[in-house]
Amino acid sequence: MVSTARSRTVLPEAVTALGNDRSRASIAAAFNQFNGCAGATCLTANDISDVAFNLFNLQNPVTGGFVIQTPTNFTPLGIVDEAGTETFTYGFFPTSTTRTLQRNNPLIEVLNVQPSSFEQHQFSTRLDGQLTPNNNLTGTFFFSNFPGLDSFPDPSSLVSPFTLRRADQNRTLSIADTHVFSNNLINELRFGYFSLNNTRRLDDPFITDAFTNDAVGIINPASLFDSSIATRRLGHFVGRRSISNFSLGGPNDSFNQRKQVTFSIANNLSYSTGNHNFKFGGEFKRHQFDTDLPEEQATEFEKFDNFTQLLSGNATEADTQYGITFKEFRFKDLGFYFTDDWKVNDRLTLNLGVRYEVFMWPTEKNGRIGNFDLAPFQSCFTGGGNLALCDNPISGFIVPNNVQNTGLAVVDGAIGVTQTVNNEHTLNGQDLNNFAPRFGMALKVTDKMVIRGGYGLFYDRPSAAFINTI
C-alpha cells in the first residue's frame with residue numbers, strides 16, 4: 001500500500017465558497033465573488049452549461065465527495081487564469097448567441113492524497129540435467145505478475161482520483177541443449193519464449209453509468225460506432241497555460257492492452273583447430289504483438305485557458321476518433337553469424353567476424369494496415385500533375401491482400417472501394433543489406449600491460465511498440 005500517492009492540482013478559488021448547494025445560481029455566485037466582474041460581465045445561472053453543472057455536481061465514488069472538490073486546505077497562487085473578459089458562444093449555428101463574461105479567476109493549489117496499491121508476485125526456477133556424458137540440458141523460467149491500482153494517472157494535475165487498474169504479466173522461458181561431439185566440436189541449441197502482457201483500465205467505480213459522457217450531457221459520435229465502456233466513459237478535460245495543472249477524468253489511455261510474445265530458436269556451433277576457434281550459427285525469431293489502444297475515442301476536451309471557458313461550455317479544442325482499435329501484428333527476424341578467434345602469436349589475438357540480419361515487415365492478422373502510396377502522385381509535387389489526380393487522393397489509399405471485412409458497414413464499404421496490393425504489409429523497400437562486420441584485438445605489450453580494442457556494426461529491431469501508430 002502506497003499511502004503517499006498524491007496529485008497537485010490548480011483550481012479556481014471560487015470552489016472554496018461552494019458547499020453542498022451546487023445549483024447553477026450558486027456556482028455563478030461563487031465565481032462572481034472572486035473574479036471582480038461588473039454588470040453584464042457577471043455570470044448568471046443561465047451561463048452555466050449543462051456539462052459544467054453536471055461536472056460540478058459529480059461525486060467521486062472513492063472519496064465520497066465531489067469530483068471538483070470544496071477544499072479546506074489550499075495555497076493561494078497569487079495569479080488568475082486569464083485577466084479581463086472574453087466573448088463566449090452559446091448554442092449551435094445558426095441559432096447561436098454570444099456573451100461577454102469575466103475571466104480573471106484567482107487560482108489556488110490543492111494537494112490530493114489517496115492510497116494506491118502495488119503488488120509484485122514473482123519467482124524463477126532453473127533445472128540442469130546431464131542427459132548423457134556428452135549432452136547437457138539447461139532450462140530457466142521466470143514468472144511475474146504486477147497488479148496495481150493507480151489513484152492519480154495524472155499526478156501533476158488530476159483534481160480527484162480516477163483510479164486505473166493495472167495488470168502487468170511477464171513470462172520468460174529459456175531452454176538450452178549442449179552436445180559435445182569431440183574435444184574441438186561443440187553444438188548448442190537454444191529455445192526461448194518471452195511474453196509481456198500489459199493492460200490497464202479504469203477501476204470498477206469509474207465505469208458505471210454515472211461516469212459516462214452521456215451522464216454529463218456530452219454527445220460523442222464515436223459511441224454510434226463503438227458502444228463499449230472504453231468509448232462511453234467520461235472523457236478527459238485538460239487545462240493549459242496558467243491552468244495546465246488542471247485535469248479531470250481518466251487519461252486517454254485509460255483502456256489499453258499491449259501483449260507481446262516472442263519465440264526464438266538459435267543454434268551455435270564451435271570448432272577449434274590449431275590457432276583458430278571458429279563459431280557460426282543462426283537465429284530465428286517470431287514476434288506477436290497484440291494491441292488495443294482506443295486512445296481518444298472517449299473524447300478529450302483540451303486546452304481550457306480559463307475556468308470561465310469550462311463553465312460556459314467553450315473548450316478551445318475537442319477531440320474524438322473511432323475505428324477498429326484492436327490489432328494483431330506478426331513479424332519475423334532472421335540472423336546468421338561467423339566469427340574466428342585467431343591467436344596469431346603469444347602476444348596478439350584477433351577476433352574477426354560478420355553477422356547478417358533480416359527484419360521482416362510487420363503484417364496484421366486480419367489485414368488491418370491501411371497505407372497511402374505516393375508513387376502515382378509524384379507529378380503533383382513537380383508541377384506536372386493534372387487536377388483530377390492531384391485534387392483527389394482517394395486512389396492513393398491501399399490495403400493489404402489479406403484484409404478482412406469487419407461486419408461494420410461503414411468500414412467494410414471503405415474496404416470495398418480501396419485498392420488492394422499484392423502483399424500483406426502495404427510497405428516498400430525491404431532492407432536486405434544488414435551486414436555487420438566485427439573486429440577485435442588483444443595485444444600483450446608487456447607481462448603487465450595488455451591493449452584491447454574493437455569495432456563492430458550492429459543492427460536490431462526496436463521495440464514492437466513502433467507499429468502502434470500504423
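Phenylalanine 304 is buried in this predicted model, with a relative accessible area of 4%. Its partner in an aromatic pair is phenylalanine 237, which is likewise buried, at a relative accessible area of 3%. The ring centres of phenylalanine 237 and phenylalanine 304 lie 6.4 Å apart, and the planes meet at 20 degrees, so the pair is stacked; planes under 30 degrees apart count as stacked. Phenylalanine 237 belongs to strand 11 (residues 236–239) and phenylalanine 304 to strand 15 (residues 300–304), so the pair ties together parts that are 67 residues apart in sequence.

Phenylalanine 372 and phenylalanine 397 form an aromatic pair that is edge-to-face, with 5.1 Å from centre to centre and 80 degrees between the planes. This pair links distant parts of the chain, 25 residues apart: phenylalanine 372 is in strand 20 (residues 371–372) and phenylalanine 397 is in strand 21 (residues 397–399). Phenylalanine 372 is partly exposed, with a relative accessible area of 29%. Phenylalanine 397 is also partly exposed, at 41% relative accessibility.

The count of aromatic pairs in the model comes to 17. One aromatic cluster is formed by Phe123, Phe141 and Phe143.

Arginine residues also lie over the faces of phenylalanine rings, as the following table shows.

Terms used
Residues are numbered from 1 along each chain as its sequence is written. This is a predicted model: local features need pLDDT of at least 70, side-chain atom pairs count only at pLDDT 80 or more; totals for chains, interfaces and linings use all residues. Side-chain values use heavy atoms; hydrogens and water are left out. Rings of Phe, Tyr and Trp (its six-membered ring) pair if their centres lie within 6.5 Å; planes under 30 degrees apart count as stacked, over 60 as edge-to-face and the rest as tilted. Helices (H or I, at least four residues) and strands (E, at least two) are DSSP runs, numbered from the N terminus. Buried means under 20% relative accessible area, exposed over 50%, partly exposed in between (1.4 Å probe, protein chains only). A charge sits over a ring if NZ of Lys or CZ of Arg is within 6 Å of the ring centre and within 35 degrees of the ring normal.
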